[in-house]
Amino acid sequence: VQLQASGGGLVQVGGSLRLSCAGSGRNFIDYTMGWFRQAPGKEREFVAAISWIGGSTFYEDSVKGRFTVSRDNAKNTAYLQMNSVKPEDAAVYYCAASELGISDPDEYEFWGQGTLVTVSS
């Protein structure tokens, strides 16, 4: 599975942004899709994930109620809708695919290249 993340950019505090992750290759539907982020000087952290059928979603506590993860298996694409953005949301965001993992980045087999989200106050 090859993944291409897009949609990053400059967003104001309190604004919204939608990230996309386009997948190619076979069996996209078989994978849990996860979003991670990495800010300068910090470790990569889990943000959100959605199960292969889209019935289960998972969120890191700081984004609950603000971010929404979704997927369109017909388009081989996953999304991360970011609302009420905060300065601490600034980071490079990565999408990833996993057969078994949810929040542990080591359990994700495939990674996109990352898209930068910058937050202005």
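Biologist: What makes strand 1 and strand 3 count as paired?
Modeller: In this predicted model, 5 bridges join strand 1 to strand 3, and the two run antiparallel. Pairing requires at least two bridges found by DSSP between the strands, so 5 is enough. One of the contacts sets Gln4 against its bridge partner in strand 3, Ala22. A strand here is a DSSP run of E with at least two residues, numbered from the N terminus.

Biologist: How should I read the numbering and the values?
Modeller: Residues count from 1 along each chain as its sequence is written. Local features need pLDDT of at least 70 and side-chain atom pairs 80 or more, while totals for chains, interfaces and linings use all residues, and side-chain values rest on heavy atoms, without hydrogens or water.

Biologist: Which residues of strand 1 lie on its covered face, and which on the uncovered one?
Modeller: In strand 1 (residues 2-6), Leu3 and Ala5 are on the covered face, and Gln2, Gln4 and Ser6 are on the uncovered one. In a regular strand, side chains alternate between the two faces of the sheet.

Biologist: Why is strand 8 described as largely enclosed?
Modeller: Of the 6 residues in strand 8 (residues 77-82), 5 are buried, so the rest of the structure largely encloses it. Buried means under 20% relative accessible area, exposed over 50%, and partly exposed in between, with a 1.4 Å probe and protein chains only.

Biologist: Which strands pair with strand 8?
Modeller: Strand 3 (residues 17-24) pairs with strand 8 in the antiparallel sense over 6 bridges, and Leu17 stands opposite Met82. Strand 7 (residues 67-72) is also antiparallel to strand 8, over 6 bridges, with Ser70 bridged to Tyr79. The hairpin of strand 7 and strand 8 has 4 residues between the strands, and Asn76 there takes a positive phi near 55°.

Biologist: What makes the contact of Arg37 with Glu45 a salt bridge?
Modeller: The closest N and O atoms of Arg37 and Glu45 are 2.6 Å apart. The rule asks for a side-chain nitrogen of Lys or Arg within 4 Å of a carboxyl oxygen of Asp or Glu, so the pair qualifies. Arg37 has a relative accessible area of 5% and is buried, whereas Glu45, at 32%, is partly exposed.

Biologist: Which parts of the chain does the pair of Asp89 and Arg37 tie together?
Modeller: Asp89 and Arg37 meet in a salt bridge at 2.9 Å, N to O. Asp89 sits in the loop between strand 8 and strand 9, and Arg37 in strand 4 (residues 32-38), so parts 52 residues apart in sequence are tied together. Asp89 and Arg37 are both buried.

Biologist: How exposed are Lys64 and Asp61?
Modeller: Lys64, at 49% relative accessibility, is partly exposed, while Asp61, at 59%, is exposed. Their side chains form a salt bridge at 3.1 Å, N to O.
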